[in-house]
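Work through the exercises below with the coordinates open. Try each task before reading its solution.

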Amino acid sequence: EYHTCGLKTDGTLACWGRNTWGQSTPPAGTFTQVAGGANHTCGLKTDGTLACWGYNYYGQSTPPAGRYGRRPMTAGSWHTCQLQLDGRLACWGYNAYGQSRPPAGTFTQVAAAYFHTCGLRTDGTVACWGNNGWGQSSPPGGTFTQVTAGDVHTCGLKTNGTVDCWGDDSAGQSTPPAGTFTQVAGGFTHT
């Protein structure tokens, strides 16, 4: 929220924007991924370990130890999730709605939002956990190749190339246009 970080071609990070909690002051070193939450940022270092910085009231800037390889990472407002080498998920930070408590099983991708998280299972189905006040954690059936999470809505790219969304639709963010796509990205109240 109000800050951005980018991965430079030499593997270092550049961050800009709000820096109230140090979320725009990355540590030294080289990285393969970066993910920003509301007031914290996490990065996957080239040695496979995690580093987080910024606001840490809920533990969102205190990642678990271990090596993670080049697996996908995502940051919600106050929590972060990272795929482990064996495909299971590790999540940490704010957990009032269970958004940092992933289900058992293996995943290929994860998408964290405000108070919910969704993951793409290895069989292509989507599992979501956390707050479900707008239906954002109740995915439809079918198989997908990608999942993305907005504030209180979620969208997935189905295996046939169409987009399916669920959750809040007050701004039309869960009503995708017709057609086929190769990627989908969810924002706060838009997709």
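The model is predicted: local features need pLDDT of at least 70, side-chain atom pairs count only at pLDDT 80 or more, and totals for chains, interfaces and linings use all residues. Residues are numbered from 1 along each chain as its sequence is written, and side-chain values use heavy atoms, without hydrogens and water.

**Exercise 1.** Find the partners of strand β7 and state how they run.

Step 1. Take strands (E, at least two residues) as DSSP runs, numbered from the N terminus. β7 covers residues 79-83.
Step 2. Apply the pairing rule: DSSP must find at least two bridges between two strands. β6 and β7 are antiparallel, with 3 bridges. M73 pairs with Q82 in β7.
Step 3. β7 also runs antiparallel to β8 (residues 89-93), through 5 bridges. T80 has W92 as its bridge partner in β8.
Step 4. Check the β7-β8 hairpin: 5 residues separate the strands, and G87 in the turn has a positive phi of about 90°.

**Exercise 2.** Identify the salt bridge (Lys or Arg side-chain nitrogen within 4 Å of an Asp or Glu carboxyl oxygen).

Step 1. The structure has 1 salt bridge.
Step 2. D86 and R88 form a salt bridge, with the closest N and O atoms 2.6 Å apart.
Step 3. Classify by relative accessible area (1.4 Å probe, protein chains only): buried is under 20%, exposed over 50%, partly exposed in between. D86 is partly exposed at 43%. R88 is partly exposed at 42%.

**Exercise 3.** Is S61 buried or exposed?

Step 1. Locate S61 in the loop between β5 (50-54) and β6 (73-75).
Step 2. Its relative accessible area is 11%, so S61 is buried.

Terms used. Helix = DSSP H or I, 4+ residues; strand = E, 2+ residues; numbered from the N terminus.
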